[in-house]
Amino acid sequence: MYAEEDYLMLSGIQHFAFCKRQWAMIHIEQQWAENYRTTAGEIMHKKAHDESAFEKRGNLLTVRGLRISSRSLGLSGQCDVVEFHQDENGIDLFGYEGKWNIVPVEYKRGTVKENNADELQLCAQAVCLEEMFQMDIPEGFLYYGENRRRHQVEFTSELRSEVERTADKMHEMFRRGHTPGAKPSKQCKSCSLENLCLPKLQKSGDVRKYIEKNIYGGE
Ligand code: SF4
């Protein structure tokens, strides 16, 4: 269990899954750079949060911008949308009749990614909601702006274990204040921190080795 003062930003789990160096630059070094992707993503999340916070239509209650946290993961953040579906197997909700099930929905600008960064973020949100509402949440949805479709995500034991391991690694790296070196890959092209990270420069090795090799002809 983590103390509240040690909580890290839940949304950082997607940065960590994308590139550990990117996460460390944003969350440890507090560096940030906007590019088209981050700006468009920001606008989309703002739209999701701007609509009225509570909306009830029949058997569906929609809550936007709900603040969440988990002591077991040591993460806190905000959900884009949490849906409460009336269901006899659900839980009591103060101020509302009947029983309710919980389904988190996260909005993403682009389309389904090659890695599982979005699934990890959504599953971490579900773990927070499970701790807060003391109930099991078996699934959630990722809504991608590019195809305007919802993708169902099942919170399997494998995905949950990966969330736990990732959160632990984030805390360990944060405690050490460690920013890993760059590992240039094709994903650097879509990284908002490419101009700050300079991955190609890091790949070229250190200055001493460069001078030894190119000026003195050493190994
Ligand atoms: S430019 Fe590449 S190595 Fe550097 S932070 Fe971004 S993804 Fe990671």
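User: How do you know that the span of helix α4 agrees with its 17 residues?

Analyst: This is a predicted model, and the check is simple. At 1.5 Å a residue, the 17 residues of α4, residues 117–133, should span 24 Å. The C-alpha atoms at its ends are 24 Å apart, so the two values agree.

User: What makes α4 largely enclosed by the rest of the structure?

Analyst: A residue is buried when its relative accessible area is under 20%. In α4, 13 of the 17 residues are buried, so the rest of the structure largely encloses this helix.

User: Is Ile137 buried or exposed, and how do you know?

Analyst: Ile137 has 0% relative accessibility. The cut-off for buried is under 20%, so Ile137 counts as buried. This residue lies in the loop between α4 and β8, residues 139–144.

User: What is Ile137 in contact with, beyond its neighbours within four places in sequence?

Analyst: Ile137 is in contact with Ile102, Pro104, Ala126, Leu129, Glu130, Phe155 and Arg160. Ile137 and Cys123 are 14 residues apart along the chain, and their C-alpha atoms are separated by 9.3 Å.

User: What makes helix α2 mostly covered?

Analyst: Seven of the eight residues of α2, residues 20–27, are buried. They are Arg21, Gln22, Trp23, Ala24, Met25, Ile26 and His27.

User: Why is His15 called buried?

Analyst: Its relative accessible area is 15%. Buried means under 20%, so His15 is buried. His15 lies in helix α1, residues 12–18. Not counting residues up to four places away in sequence, His15 touches Lys20, Gln22, Trp23, Ile26, His27 and Trp32.

User: Why is Ser11 called partly exposed?

Analyst: Partly exposed covers the range between the buried limit of 20% and the exposed limit of 50%. Ser11 has 23% relative accessibility, so it counts as partly exposed. Ser11 is found in the loop between β1, residues 8–9, and α1. Ser11 and Ala124 are 113 residues apart in sequence and 9.0 Å apart in space, C-alpha to C-alpha.

User: How do you know that Met173 is buried?

Analyst: Its relative accessible area is 8%. The limit is under 20%, so Met173 is buried. This residue lies in helix α5, residues 157–176.

User: Which residues does Met173 contact, leaving aside neighbours within four places in sequence?

Analyst: They are Phe16, Lys20, Trp23, Ile28, His178 and Pro180. Met173 and Ala24 are 149 residues apart in sequence, with C-alpha atoms 7.9 Å apart in space.

User: Where does the ligand sit, and which residues are around it?

Analyst: The ligand sits in the largest cavity. Around it are Phe18, Cys19, Gln22, Ala182, Lys183, Cys188, Cys191, Glu194, Cys197 and Pro199. By class, this shell has seven nonpolar, one polar and two charged residues.

User: How many helices and strands does the chain have, and what share of its residues is buried?

Analyst: The chain has eight helices and nine strands. Of its 219 residues, 40% count as buried. Among contacts between residues at least 6 apart in sequence, 62% join residues at least 24 apart.

Definitions and conventions. Residues numbered from 1 in each chain as written. Predicted model: local features only at pLDDT ≥ 70, side-chain atom pairs only at ≥ 80, totals over all residues. Heavy atoms only, no water. Near = heavy atom within 4 Å. 1 Å grid on protein atoms, 1.4 Å probe; cavity = no way out; pocket = protein on both sides within 12 Å on 5 of 7 lines; lining within 4 Å. Sits in = over half its atoms within 2 Å of the grid points. Nonpolar A, V, L, I, M, F, W, Y, C, P; charged D, E, K, R; others polar. Helix = DSSP H or I, 4+ residues; strand = E, 2+ residues; numbered from the N terminus. Expected span 1.5 Å × (residues − 1). Buried < 20%, exposed > 50% of the residue type's maximum accessible area, 1.4 Å probe, protein only. Contact = heavy atoms within 4.5 Å.
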